[in-house]
Amino acid sequence: MGSAIEIKAVSKRYGALQALDDVSITVEPGEFFALLGPNGAGKTTLISAMAGLSRPDSGSIQIMGHDVIRDFRAARMSLGVVPQELVFDPFLSVRETLRFQSGYFGLTRNDDWIDELLSKLGLADKANVNLRALSGGMKRRVMVAQALVHRPPVMVLDEPTAGVDVELRQSLWTFVKELNEAGHTIVLTTHYLEEAEALCNRIAMLKRGKLVALESKDKLLQHGKEREVAFKLNGPLPDTLLPRKVREEDGRIVLKLPDIAQLEQVLAALREAGVAVRELNVIEVDLESVFVNMMHGGQV
Amino acid sequence: MQGFLTLFRKELVRFWKVAFQTVAAPVLTALMYQLIFSHVLSRHVEAYPGVSYTAFLIPGLAMMSMAQNAFANSSSSLIQSKITGNIVFLLLPPLTALEFFAAYMLASIVRGMAVGAGVLLVTAWFGLPLPSHPLWVLLFAILGCGVLGTLGVIAGIWAEKFDQLAAFQNFLIMPLTFLSGVFYSINSLPPFWYAVSHANPVFFMIDGFRYGFFGQADVSPWLSLSVVGGSFILLSGLALWLIKSGYKLRH
């Protein structure tokens, strides 16, 4: 079986801004994939290109083996997208919205699936309510349902939990996890790194349109297993320890240790040089610190 | 095909849910024009031999209302979707350019025809005869609404804010529809304005439509048909090309 998403050397420029710069990513069927990066990194542009909402200047994208431009009908049938902006049609009720959306995908008599979506997303009692009367969180749920009316094998969520309350975030993730377990390929972008850490198997990081990391979450965190230890010393750092130095912050020197067991050697070297330790902190590595490190130009 | 049918139905639901504004209001406006102009002018003008001014006015008013409302339907639906952002729900599904265009254009025709039928209904008692050529009436009604509905699609795609659409409507559509022989026979115009009127496709829509009722008009209905039909084909080609290329819809 081929890849769920195959992005090959995609570049896109908006005027002076290089929104995407030679990005290649392959996502396998059944993966739970996170796309991370600060604002303006190109995440939404990449998603738009997958969905056919924007057209790359060069490169190609396939969804379930279908080119998103040449074979756009099959590609779009395979893809469900939850856009980042909260948008809705103020003329329609929830059920009308989902029925029309089904029709755009060529589906009639989709009510059983619509009912299932409504109940799973906690919208059953809102089915006949006009979209205008719903809260932001409820509108977001409707958008998730809209992305799923045609049961796409691949689902992309562009910051679905931005500005959404904790309860909805939890129920949304439970739902998306179920979809993933049922075989759907999931791609999400999020600002909440703990979400990516908790849910995803593999992570891509974008920075100014360039792919700066593409690895399994565990491997990415592994890079961070090199512990960082911050010391406050009463003298200068001995020359022998200089190669281990990563940075200095708030009067503390941060050293990198491939293994925490090497802390003993470091302390010995300090003792030998007659430098006393005033304070010592072991910095725990999580996705956030790997992320921050990468976005500030560090290498993993 | 199902995608087209769905979008077409949604476009019908959209204007029908606010039918007071989209159908009843323009019918009332046309009735006002009819009342005022026929009161002021009926004793002074006879447009064609044997056709009173009051009767002459009716098909013109009907076609003008049809044209304006066909334009308003597609253009305002598109600009609203673009500005609120919900157009994304039409760009994500596998709709073809033809399905997208045909749905908006045909819904515009339906709205235009509903308005036109309403105008004819409320103004008929001013002395409108039964059409002498009903097929010409129907043909020009459909094609006229089609041309303006298509122009509405183009304007709706092109405009980025309501202001730009209003400019299109007020500075292009309004003059085209008002200066098209709705209120007068262009044979009564000085030569310069007579020539200018011939450059206005809306004139041919109205003239052809009027021919269907009275069996006489300023120009041959075949000439009118070729101008209106030609405009329809040309504008449809342009609209399809814009949609296909993703102009202002897909970046």
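**Terms and their criteria**

Analyst: A:Asp250 sits in the loop between strand S12 (245-249) and strand S13 (252-257) of chain A. Helices (H or I, at least four residues) and strands (E, at least two) are DSSP runs, numbered from the N terminus. This is a predicted model, in which local features need pLDDT of at least 70 and side-chain atom pairs count only at pLDDT 80 or more, while totals for chains, interfaces and linings use all residues. Residues are numbered from 1 along each chain as its sequence is written, and chains are lettered from A and ligands numbered from 1 in the order in which they are written.

User: Why is A:Asp250 called exposed?

Analyst: A:Asp250 has 6 other C-beta atoms within 10 Å.

User: What makes A:Arg151 partly exposed?

Analyst: A:Arg151 has 16 other C-beta atoms within 10 Å, so it is partly exposed. A:Arg151 lies in the loop between helix H5 (136-148) and strand S7 (154-158) of chain A. Its phi is near 45°, again a positive value in a residue other than glycine.

User: How do you know that A:Phe88 is buried?

Analyst: There are 21 other C-beta atoms within 10 Å of that of A:Phe88, so the residue is buried. A:Phe88 belongs to the loop between strand S6 (79-82) and helix H3 (94-104) of chain A.

User: Which residues are in contact with A:Phe88, leaving aside its neighbours within four places in sequence?

Analyst: They are A:Leu131, A:Lys139, A:Val142 and B:Asn86. Two residues are in contact if their C-beta atoms, placed from the backbone, lie within 7 Å.

User: Why are H2(B) and H3(B) called roughly antiparallel?

Analyst: The axes of helix H2 (residues 19-41) and helix H3 (residues 53-84) of chain B cross at roughly 150° and come within 10 Å. Axes are lines fitted to C-alpha atoms, for helices over the stretch in contact, with angles from 0 to 180 degrees between N-to-C directions. Angles over 145 degrees count as roughly antiparallel, under 35 as roughly parallel, 65 to 115 as roughly perpendicular and the rest as oblique. H2(B) and H3(B) are therefore roughly antiparallel. The residues of their contact divide into 10 nonpolar, six polar and no charged. Here Ala, Val, Leu, Ile, Met, Phe, Trp, Tyr, Cys and Pro count as nonpolar, Asp, Glu, Lys and Arg as charged, and the others, Gly among them, as polar.

User: What makes H3(B) roughly parallel to H6(B)?

Analyst: The axes of H3(B) and helix H6 (residues 134-158) of chain B cross at roughly 30° and come within 7 Å. H3(B) is therefore roughly parallel to H6(B). The residues of this contact divide into 15 nonpolar, eight polar and no charged.

User: Which residues touch the most other members of the largest nonpolar core?

Analyst: Of its 145 residues, they are A:Met50, A:Ala145, A:Val156, B:Ala67 and B:Met205. A nonpolar core is a set of buried Ala, Val, Leu, Ile, Met, Phe, Trp, Tyr and Cys residues joined through C-beta atoms within 7 Å. H3(B) gives the most to this core, 16 residues. Beyond its neighbours within four places in sequence, A:Val156 is in contact with A:Ile47, A:Met50, A:Leu79, A:Val81 and A:Val187.

Conventions
Buried ≥ 20, exposed ≤ 12 C-beta atoms within 10 Å, placed from the backbone.
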